[in-house]
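Subject: Structure for you to look at

Hi,

Here is the structure I promised. Please open it and keep it beside this email while you read.

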Amino acid sequence: MTKPSLPELLHAAVAAVGGTERPGQVAMAEAVAQAVDDGTHLLVQAGTGTGKSLGYLVPALAHGDRVVVATATLALQRQLVERDLPRTVDALHPLLRRRPEFAMLKGRSNYLCLHRIHEGVPQEEEDGLFDPFEAAAPTSKLGQDLLRLRDWSDETETGDRDDLTPGVSDRAWGQVSVSSRECLGATKCAYGAECFAEAARERAKLAEVVVTNHALLAIDAIEGAPVLPQHEMLIVDEAHELVSRVTGVATGELTPGQVNRAVRRAAKLVDEKAADQLQTAAEGFEKLMELALPGRLQEVPEDLAYALMALRDAARTVITALGGNRDRSAQDEDAVRKQAMAAVENVHAVAERIANGSEYDVVWYERHDRFGASLRVAPLSVSGLLREKLFADRSVVLTSATLKLGGDFNGVGASLGLAPEGVEGEDLPVWKGIDVGSPFDYPKQGILYVARHLATPGREGSRTDMMDELAELIEAAGGRTLGLFSSMRAAQAAAEELRGRLDKPVLLQGEDTLGELIKAFAADAETCLLGTLSLWQGVDVPGPNCQLVVMDRIPFPRPDDPLMSARQKAVEEAGGNGFMAVAATHAALLMAQGAGRLVRATGDRGVVAVLDPRLANARYGSFLRASLPDFWYTTDRNQVRRSLAAIDQAAKGGA
């Protein structure tokens, strides 16, 4: 029997999910298959509606080697495992003559820990463990959550937090889960044979397709302890998120609260001298942190370096002691010891990293109203790490609706550690970028309007002219507005102002869960939804209830963002254009994501309005506009009001 062709397989898969084949999807599938055959790497920009999941799943399954698919959001992970993969596998089974297995794998703390459920949680104030289920009042929200979790532990097959509906608070989940550092290990744990996290790993080892998230992919790459099974192909979906997720995993933090918790956990398990040494170091660190002012530390000040070395040395003494003296009579001492060890090891690792002061790290203080001061350290760049760890032993496909910024893939490529496309050399990964377009007719379906007549937004201060413009646009659109703001403060100010001016419901992020807000927004044409970052990429509302997407300003990073400004400076010192490489690229990515909220289906019509004249007037404006969908472009405010009113009328007529 001849091997089925890729178009045949794709046709069968698309029919099974009830979709229509798109030229972009076919082009993507062929490019993915080619990259895997050649052992090269591919960046694919695939617009909304292309059907990119099938565009990579079909060639991956046809190839037959193990593939890892990493996504940024839980929503896409679920969609792949619950919808796309089962249907695709069923559709391809008769043609491939095999049924590929697939599995989902997440970090350990996403799974219920049976040891915690049955034996309790290590208690900080006394030796041993306590039972949070007995301690929590059943009338409290926490108590109800914990009792529900205990019941659920008897019936769940996966122990996966995302399979629990409705969900529970982070605080409740923290009582029944462990990090990989706190885990006793399957061989030492009384519940190792039934462990949900271990079962997920075993399923992943047997599966041909393993679906995971960017954070676990980063841990697998950075920490050198393989979590993912060996694989010949890696697909990174929502790849525009990868650099920030990897940066997040590679960021260390020290706070007085966290250091004090480590002291409390370890104090009962080591001799008095070691405990006192750590306690004294913790007090010295806490005193310094009370005086900490937010901002980057170009060099670690002498007093901080001294406090960190004291913490590092004391933590090392405690770690040695914890490994040595064991009291076999203590009740379930292993769990208590493991949690103490994890807390102290983290303090040791971060204190040592900052005290050593690598030129490749950025160190800064942050202050939170609720949590006080924290000391943070992050890599100046993750591009070298990604080049070395990601592209070495397998073919990598990175895909997203927004990878091509300013007209090419080189900006995103550079952030991933790739040389400009076509540049060859030893140790340089070979890659190419393709844009498979979108099934949408952007020039006919959408307008990009820049309010050129407004004043340039300043750092602070009210923008009265912007508020007037925003209110008029919403009126013309009849509601139907998604407002994307560069800060929570700006979103709150706009919500307050609009609620006073308009006779339309205005929802604000933070006033309910994101899911509920989006549901309410999608259900009512007159409703407006305002918010910040997570709305720029998390909203999918096709149809007439989202016909105006407004951005209050170009979302450049804050000038006082320690990591972004350090990255910008590093590019400049290497002879590059720091502003374009860091700030403009960051803004372009967010704006492309934000503008992508407007057209989600072939019948959608609407306007993306940017209330920042710099998009029309500044030199970098053309770079940012080239990163957005190819909407019809105008700066004519009257034209836009007429268009919005016409779209509103058509929606009412069609309703």
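Below are notes on a pair of helices and a group of strands.

This is a predicted model, with residues numbered from 1 along each chain as its sequence is written. Local features need pLDDT of at least 70, side-chain atom pairs count only at pLDDT 80 or more, totals for chains, interfaces and linings use all residues, and side-chain values use heavy atoms, without hydrogens and water.

Helices and strands are DSSP runs, numbered from the N terminus (helices: H or I, at least four residues; strands: E, at least two).

The helices

Take α19 (residues 464-477) and α20 (residues 488-501). Their axes, lines fitted to C-alpha atoms over the stretch in contact, come within 11 Å and cross at roughly 55°. That makes α19 oblique to α20. Angles run from 0 to 180 degrees between N-to-C directions; under 35 is roughly parallel, over 145 roughly antiparallel, 65 to 115 roughly perpendicular, and the rest oblique.

Which residues of α19 meet α20? They are M467, D468, L470, A471 and I474. Facing them in α20 are A493, A494, E497, L498 and R501. Contact means heavy atoms within 4.5 Å.

The strands

Strand β11 (residues 372-379) has six of its eight residues buried, meaning under 20% relative accessible area with a 1.4 Å probe, protein chains only. Strands pair if DSSP finds at least two bridges between them. β10 (residues 361-368) pairs antiparallel with β11 over eight bridges. There, V363 stands opposite V377. Three residues lie between β10 and β11 in this hairpin. β8 (residues 252-254) also runs antiparallel to β11, with three bridges. E253 stands opposite R376 in β11.

Best wishes

How values were computed:
Buried means under 20% relative accessible area, exposed over 50%, partly exposed in between (1.4 Å probe, protein chains only).
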